[in-house]
Amino acid sequence: KFGTVAVVGATGAVGRIIRERLEAREFPADRFRFLATKRSAGSTITFRGQEITVEEVSPEAFEGCDLVIASTPDEAARDLLPHALKAGAVVIDESGYWRMNDEVALVVPEINPDAARTAAAEGRLIASPNCSTTQMVQCLKPLHDAAGLTRVTVSTYQAVSGAGLSGTAELLESTKAALENGSFVATTFQRPIGFNLIPQIGSFKEQGGEGDGYTSEEMKMVRETRKILGLPGLRVNPTCVRVPVADCHSETIACEFDRPLSVAEAREALAAFPGIAVIDDPLAGKYPTPRDCAGDDRTFVGRLRKDLSCENGVTFWCVSDNLRKGAATNAVQIAELLAND
Ligand code: 2RA
């Protein structure tokens with residue numbers, strides 16, 4: 001059990017769900033503090049029947065905290081979280097800034113819980129993966145254990161809430177503008193997202209390097225997957241696409257293995273893995289969709305089939321709520337495993 005728990009970025013899209021999950025899952029702690037930027041400081045939030053005033057986050061604000069769960073932009077995570085560690089807190093970070101640092105544990109509790117335990121004991125930071133990575137690695141782990149994963153090709157269909165509250169607002173506004181024949185200037189996304197698809201999430205900043213031609217989101221899927229699964233040479237080929245869906249990222253995942261793996265064996269391995277629900281009866285119209293899966297902590301899988309283009313391959317469809325398992329739930333589950341030790 002932790003004494004004082006602080007949520008940093010408590011009023012953002014993910015922070016709001018972290019609070020909700022801590023409340024719903026009855027996270028054991030004596031005191032909760034909610035930290036945010038100056039803009040939200042001073043507002044009050046009702047939590048477990050009590051009014052809690054949002055405090056302005058600063059390097060000094062972590063004094064007395066035992067656990068810090070942070071969901072902030074990368075720069076804030078870079079500048080602030082070392083102070084939280086210095087204050088002696090266990091720190092779980094949702095941002096992208098620290099994930100690939102060798103000192104940092106990148107954790108999905110169903111896959112590598114011991115990495116979180118060791119990092120917490122040694123005063124090192126624990127990072128929660130990018131949302132599109134988390135749901136994929138959850139599926140890859142049992143399949144790898146069953147047949148030895150060698151290659152993954154993934155296409156994503158990512159909800160606007162992955163870009164925060166402004167992404168959700170922009171879906172509504174650009175859809176409304178399109179319906180009313182009005183013009184719309186996109187600010188959060190590269191194009192109006194209403195009635196559209198955008199094959200860019202993040203930036204094209206790796207020209208000339210390993211990630212030449214890929215976006216930063218796509219390279220997160222490559223590098224974070226290798227780190228979490230402990231497979232530095234795994235071949236991962238992602239294409240990430242923003243779609244006009246409110247919540248839940250969907251993915252088409254094609255896996256190739258060392259050894260033969262039947263569709264029935266893959267289905268059984270996925271169904272037995274914690275946090276995964278298989279809904280796979282396409283003839284009866286049963287497969288997961290974003291609208292069915294929103295607001296659920298689980299990762300859903302369907303449309304399992306043999307990959308016709310290679311010897312030992314299985315392809316499937318995967319849907320998960322990007323703000324739940326993709327972000328808040330995963331961070332709270334890491335905290336739970338440490339609190340229950
Ligand atoms: C997105 N994966 O969907 C990002 C958020 N971390 O934009």
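Predicted model: local features only at pLDDT ≥ 70, side-chain atom pairs only at ≥ 80, totals over all residues.
1. As to overall dimensions, the protein chain has a radius of gyration of 20 Å, which agrees with the value near 20 Å for a compact globule of 341 residues. The C-alpha trace spans about 55 × 55 × 45 Å along its principal axes.

2. Of its 341 residues, 47% are buried. Where contacts link residues at least 6 apart in sequence, 65% of them join residues at least 24 apart.

3. Leu231 lies in the loop that runs between helix 6 (216–229) and strand 11 (235–242). Is Leu231 buried or partly exposed? Leu231 has 16 other C-beta atoms within 10 Å; because a buried residue requires 20 or more and an exposed one 12 or fewer, Leu231 is classed as partly exposed.

4. The surroundings of Leu231 complete the picture. When neighbours within four places in sequence are set aside, Leu231 is in contact with Leu149 and Arg226. Leu149 is 82 residues away from Leu231 along the chain, and the C-alpha atoms of the two are separated by 9.1 Å.

Note on methods:
Residues numbered from 1 in each chain as written. Helix = DSSP H or I, 4+ residues; strand = E, 2+ residues; numbered from the N terminus. Contact = placed C-beta atoms within 7 Å. Rg over C-alpha atoms; globule rule 2.2 N^0.38 Å.
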